[in-house]
Amino acid sequence: MSAVDVAPVRWDAGTGAFVVTGFEEASAVLRGSGWSSDPANSPLAPPEATEVPSTLMLFRDPPDHTRLRRLVAPSFTARSIEALRPRVAAVVEACLDELDALVADGEEVDLLADFGYLVPMAVIAELLDVGVDGAEVFLEQTPRLVKLLEIDAGPDDLSEAVAAALEVTMFLTPVLAQRRAAGPEGTVGTDFISSLLATDLSLDEVLGTCVLLLAAGHETTANLIANGAQTLMEHPDQVTHLHADPARAVEELLRLHGPVKLIGRTALGDQTVGGVQVPAGSQVLLLVDAAGRDPRRWPDPDRVDLTRNGPAGLGFGAGIHFCLGAALARLEAAEALTRFFARFPGAQRRDPSPRWRASSTFHGLEALPVRLPVH
Ligand code: HEM
């Protein structure tokens, strides 16, 4: 029985929220108006939620969100992201060389830690042009930073995430100052920080946006790569479909094992979702993973078939907060997975079945130990 056989929208007394598992119903909330993303409005968020920097667009509502997004979005156009493909490919190849070295030294390889996490981190560090020092700070702080995004983050989690955001900000502040000073008038560098500095964003907003890119872009992309690799090793017959059409394959891997399990919203006024009355001030939890397996939209939804030409799921959200980094994440996952399976066609999992990490919000593995052929 799939989740939507139960009821696509229902009140869950345990969490104190309306739970939405149907694709159409979840989509309608994401695309509708009168919903808030601001944790300060959520009846479930602890008081510490107000300490989350107000410069993160993910947690803002219109008109603040509209303004921030309009200023940041030009750095993320499909064309500007596609232009990054050779740099992303080079990052992936360098990470694969490291894997080769580990295998040659007889080391055990954990594809999540030794590849999944490294690719997006190296890409973000390269985009922001912060060198090895920056990558090290980011790698250290992001596991704490992503607690910002956990829907059930408690006071301690939020304090830790805010402290991590501060560490990242402290590292980036002199970088920003230097970059502002370095660019003669009218000239901007080609890195993201320089292009953000060239907009009307305040310095705090540029810093907040960098923190958000790290928080939103690292754990998620790492999990898409590792979840995708795990699925492909479980279904090796599908690897040929990955090589035939990487973009289509990534879309299907995202639907089946997307890194984001749920998205929260608070009703600002009385709402009706899928025929269910949702009073003002209520929290709704949109179960992205269940919505992506809604049998009313995808026939035989659990079947792994990377040739499926189905509609897109909600793995990147929808509506005004639709993932700003979607094109970059798709590009990274396609490059990472195709190049990994081209380099190591005989890759095998060491665990007989996947070990999923306990998290309310993220769908990711504890680890992905693999056996790789020696070259
Ligand atoms: C928003 C998923 C990668 C930046 C979102 C949302 C989802 C999502 C579901 C919407 C949240 C909501 O509506 O509340 C993912 C997944 C990724 C990924 C699954 C990887 C597989 C990235 C990357 C970046 C990024 C690589 C940037 C480097 C953002 C930003 C937002 C966002 C800035 C907020 C947009 C807004 O509020 O308007 N992402 N993301 N994401 N994502 Fe991603």
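1. Let's start with a helix pair: helix α5 (residues 85-104) and helix α7 (residues 118-128) have axes that come within 9 Å and cross at roughly 135°. That angle makes α5 oblique to α7, oblique being what is left once angles under 35 degrees (roughly parallel), over 145 (roughly antiparallel) and 65 to 115 (roughly perpendicular) are set aside. The crossing of α5 past α7 is right-handed.

2. A word on the source: this is a predicted model, where local features need pLDDT of at least 70, side-chain atom pairs count only at pLDDT 80 or more, and totals for chains, interfaces and linings use all residues. Numbering runs from 1 along each chain as its sequence is written.

3. Who makes the α5–α7 contact (C-beta atoms, placed from the backbone, within 7 Å)? From α5 come Arg-87, Val-88, Val-91, Val-92 and Cys-95, and from α7 come Leu-118, Val-119, Ala-122, Val-123 and Glu-126. By class, this contact of α5 with α7 has 8 nonpolar, no polar and 2 charged residues.

4. Now have a look at strand β8 (residues 283-287): it is largely enclosed by the rest of the structure, because 5 of its 5 residues are buried (20 or more other C-beta atoms within 10 Å of the residue's own). Gln-283, Leu-285 and Leu-287 cover one side, with Val-284 and Leu-286 on the other, and all are buried.

5. Which strands pair with β8 (pairing needs at least two DSSP bridges)? Strand β2 (residues 17-20) pairs with β8 in the parallel sense over 3 bridges, and Phe-18 has Val-284 as its bridge partner in β8. Strand β5 (residues 262-267) runs antiparallel to β8, joined by 5 bridges; here Leu-262 is partnered with Leu-287 of β8.

Methods
A residue is buried if 20 or more other C-beta atoms lie within 10 Å of its own, exposed if 12 or fewer, and partly exposed in between; C-beta atoms are placed from the backbone. Helices (H or I, at least four residues) and strands (E, at least two) are DSSP runs, numbered from the N terminus. Two strands pair if DSSP finds at least two bridges between them. Axes are lines fitted to C-alpha atoms, for helices over the stretch in contact, and angles run from 0 to 180 degrees between N-to-C directions. A crossing is left-handed if the near helix is turned anticlockwise from the far one by less than a right angle, and right-handed if clockwise. Two residues are in contact if their C-beta atoms, placed from the backbone, lie within 7 Å. Ala, Val, Leu, Ile, Met, Phe, Trp, Tyr, Cys and Pro count as nonpolar, Asp, Glu, Lys and Arg as charged, and the others, Gly among them, as polar.
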